[in-house]
Every structure is written in structure tokens, then in C-alpha cells.
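This report describes a predicted model. It takes the sheet, the core and the ligand surroundings in turn.

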Amino acid sequence: MWLYKLFKSIFKKTPDRVNKTRYRPVKTTGFVAPQIDMELKSQLWAVGGGKGGVGKSLITVMLGASLTRWGKKVILVDADLGGSNLNLLTGIKYPRYTLIDFMQRKVENIEEIALNTPVENLKVICGADDILGIANPKNAQKIRLFNHLKHLKADIILLDLGAGTSYTTLDFFLFAPNRIILLSPQSTAMQNAYGFVKTCLLRKLTRAFRNDAECMKLINRCIDSGEDERIDTITKLKDAFTSLGKEQGSKLSACIKSLKMGLLINMVKEHKDINLGRSFITVANEYLTINPEYLGFIEYDKRVDKSINRMADFLKDGMGIITEMGFYDLASKIVKKMYKESLSLKSEVANSKLQNSTNTNNKITVNKV
Ligand SMILES: Nc1ncnc2c1ncn2[C@@H]1O[C@H](COP(=O)(O)OP(=O)(O)OP(=O)(O)O)[C@@H](O)[C@H]1O
Ligand SMILES: [Mg+2]
């Protein structure tokens with residue numbers, strides 16, 4: 001309870017720091033993410049969380065390796081443009097190809113730069129951070145990259161995001177239909193993760209309402225009020241939208257509701273650390289009206305810290321540690337979630353097909369994962 005109070009006080013006392021100074025305003029940059037099709041829904045996962053060093057890259061690798069044990073073909077993508085290190089974590093010191101080769105059109109298809117790792121069925125697309133400007137790709141480059149990611153041949157694609165709230169990181173996170181927020185049990189990680197989720201939400205809203213000047217005026221009052229009175233909670237934003245019209249109010253609610261994500265706590269040392277996750281969910285609910293789903297926690301394990309410099313061997317021989325740390329269960333949870341989602345997705349398709357057709361003989365098959 002005290003953690004919740006502490007966390008809440010951070011946002012109550014310093015809303016301006018959280019909302020304005022620390023996190024850059026989210027502007028429309030003209031970027032429109034490519035449409036996500038049905039098949040992609042269960043495949044693409046982004047691991048983000050705002051704060052550096054909470055274990056995003058490590059968890060991405062361990063999760064990917066565990067998913068291969070479920071018979072899945074997995075591709076990890078180093079989406080930490082400008083701060084990449086997934087290659088080292090997967091035991092590839094000098095990658096033959098990196099995302100730079102794709103961005104600079106040295107290869108035409110992203111499939112060509114997916115490299116094998118010591119784990120069967122686990123591939124990695126390495127990033128690069130030694131090229132000026134790579135951290136801020138142009139919209140056309142981003143759209144091409146996203147379009148190629150959509151067509152990667154894998155059961156599961158895991159995007160390892162960088163720290164912070166750059167537009168590129170936010171866009172990767174929003175592009176993935178399945179999102180994981182990773183937290184470590186420190187108030188700084190909580191604050192950064194909250195800021196990350198809030199900025200994502202505002203970016204999503206900015207995109208959804210970019211052609212509606214009235215709505216944009218209200219959204220901008222959440223970001224930077226200027227002369228007008230500030231809108232400091234999403235609940236107030238919802239009220240303001242409803243006063244514009246029922247349609248705008250419903251569109252806003254639907255847009256917020258569609259920002260789904262799971263929450264994982266990493267480096268848990270004692271039981272009370274897990275409570276931070278609950279506090280995070282409560283605060284996200286209260287202030288942003290979104291409901292992250294609690295996925296579980298990963299304990300702090302000295303062996304991981306020690307073996308980080310010999311990750312090649314770790315992936316080759318150390319699958320035992322991954323299993324002992326509960327990744328196998330975590331992976332199974334995610335697979336089950338995929339299964340549930342693919343079921344509900346298929347039934348959504350089924351319903352719309354039935355509604356749109358007078359022929360009720362259409363048979364819809366459900367793929368089991
Ligand atoms: N469960 C864990 N047990 C022990 N150590 C861990 C655990 N998770 C992460 N670490 C340690 O935290 C370090 C940072 O992890 P990682 O590089 O994955 O963070 P990150 O969130 O990707 O950081 P960045 O945002 O800078 O890319 C690792 O090198 C490892 O030493
Ligand atoms: Mg990282």
C-alpha cells in the first residue's frame with residue numbers, strides 16, 4: 001500500500017514534470033503506420049518500458065529462446081536503433097548483416113538479414129548504432145521496415161525496444177499488436193514506464209484524430225496547454241470529447257481501449273517488489289484509463305548477471321537457467337494468450353462474415369497453436 005501511495009504522490013505532486021518537461025510533446029509527424037492484418041495479430045510482440053537497464057533485451061532473448069521450446073519459429077529484432085546490443089546477447093560478435101543493410105537498401109528483403117543463433121529456430125535481426133542518423137529514420141524508411149516486418153516468416157517476432165520515448169520507439173510499440181511493458185522494482189522505472197505509456201497513448205490519439213481540428217485542440221491541451229486551461233487527466237479529456245459530440249467521445253474511448261499491453265516485473269528480489277506492478281496498473285487505470293494485464297514476474301538471478309559476457313555459451317548450454325527462472329511458464333502463458341486471441345479473432349471474423357452474409361453455411365475453422 002505504501003508503494004502505491006509513494007507512486008501516486010510522484011504523479012500528484014509533479015504532473016508538470018511528468019507531463020511536460022521530462023517527456024517530449026507528441027506531435028503529428030505525418031507518420032501513418034501500415035495497417036495490421038489479422039495474421040499478424042498474434043505474431044508480433046514489442047518489449048518496451050521507457051527505462052534503460054530494466055532487462056528488455058535480456059528478457060526478449062530469454063523469452064524468444066523459451067518460445068522455441070514450444071515449437072515456435074522465433075525472430076528477435078533489435079529495434080533499439082542507435083543503442084543495439086541484441087547481437088552480443090545472442091552470441092554474435094560481428095553480425096554479417098544488420099538493419100543498416102536493410103535501411104540503406106543493400107539488401108532488398110529483411111529476411112536476408114535474419115541471422116541464425118546458437119538456438120535452433122531462433123533467429124536475430126541485429127541493429128547497429130554506429131551510423132549517424134540511424135536512431136531517427138525517415139518516415140519512408142520506417143514504413144518500409146514495418147511493411148517488411150509484417151511479412152517475416154516466423155511464428156513469433158519479438159521486438160526489443162530502446163529506452164526513452166523517441167518517436168521511433170513509440171511507433172514500434174504502437175505498431176506491434178502485442179505489447180509488453182517491462183518494469184524493474186524501482187520508482188524511477190515505474191515513473192519512466194508510466195511516462196512511456198502516457199506518451200504512447202498521446203501519440204496514438206494524435207494519429208487517430210489528426211484530421212479533426214477540434215479534437216486535436218483538446219489533445220494538445222493534454223500535451224502543452226499554451227494559453228488554454230490544461231487538461232491533466234484522460235478522464236477530463238474524455239469529458240471534453242463527449243461535449244464535442246457522442247461520436248467523438250466513443251471514438252476516443254475505443255482508441256484508448258485498443259491500447260492493450262501486458263506488464264512484466266523483472267529483477268524481483270522480494271515479494272513486496274511484485275506489489276509495484278499492482279500499483280502501476282492502478283495508477284495507469286486511474287490516470288490514463290488503461291488497463292495493463294499483469295503477465296507475471298522474473299526474479300533477480302545472479303547467474304544471469306554473471307553470464308552476460310558469455311551469452312553465446314549461455315544460449316548454447318544454459319537453457320537450464322532459462323527454464324529455472326520460469327521463462328518456460330511465461331512463454332506458455334504468452335502462447336496461451338495467443339491461442340485465446342486467435343480464437344476470439346477468428347470468431348470476430350466469423351461474426352462479421354455471418355452478419356455480412358445471408359449464407360449461414362460458411363464454416364470457420366479455428367487454428368490451434
Ligand atoms: N532477471 C535478472 N537477473 C539478474 N540480472 C538481470 C536480470 N534482468 C536483467 N539483468 C541485468 O540487467 C542488465 C541490463 O539488461 P538489458 O541490457 O537487457 O536492459 P535493457 O532494458 O535492454 O537496457 P537498454 O534500455 O539500455 O537497452 C543485464 O546486463 C543484466 O546484467
Ligand atoms: Mg536493451
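## Sheet

An open sheet of mixed pairing is formed by 8 strands in the order E3-E4-E2-E5-E1-E6-E7-E8. Two strands pair if DSSP finds at least two bridges between them; helices (H or I, at least four residues) and strands (E, at least two) are DSSP runs numbered from the N terminus. At the edges are strand E3 (114–116) and strand E8 (293–299), each pairing on one side only. Neighbouring strands of this sheet are turned by 25° against each other on average, direction ignored.

Helix H12 (residues 271–288) packs on the sheet, where it touches strand E6 (178–183), E7 and E8, and its direction makes about 155° with that of E7. Contact between two residues requires C-beta atoms, placed from the backbone, within 7 Å. Axes are lines fitted to C-alpha atoms, for helices over the stretch in contact, and angles run from 0 to 180 degrees between N-to-C directions.

The model is predicted, so local features need pLDDT of at least 70 and side-chain atom pairs count only at pLDDT 80 or more, while totals for chains, interfaces and linings use all residues. Residues are numbered from 1 along each chain as its sequence is written, and chains are lettered from A and ligands numbered from 1 in the order in which they are written.

Strand E2 (residues 74–79) has 6 of its 6 residues buried, so it is largely enclosed by the rest of the structure. Buried means that 20 or more other C-beta atoms, placed from the backbone, lie within 10 Å of the residue's own. Val74, Leu76 and Asp78 are buried on one side of E2, and Ile75, Val77 and Ala79 on the other.

E2 runs parallel to E4, joined by 4 bridges, and pairs in the parallel sense with strand E5 (residues 156–161) over 6 bridges. Val74 has Leu122 as its bridge partner in E4 and Ile156 in E5.

## Nonpolar core

In the largest nonpolar core, of 90 residues, Leu158, Leu159 and Leu183 touch the most other members. Such a core is a set of buried Ala, Val, Leu, Ile, Met, Phe, Trp, Tyr and Cys residues joined through C-beta atoms within 7 Å. Helix H8 (residues 187–208) supplies the largest share of this core, 10 residues.

## Ligand 1

Ligand 1 is surrounded by 19 residues, of which Gly52, Gly55, Lys56, Ser57 and Leu58 are the closest; a residue is near if its C-beta atom, placed from the backbone, lies within 6 Å. H3 gives the most to this shell, with 3 residues.

Definitions and conventions
Buried ≥ 20, exposed ≤ 12 C-beta atoms within 10 Å, placed from the backbone.
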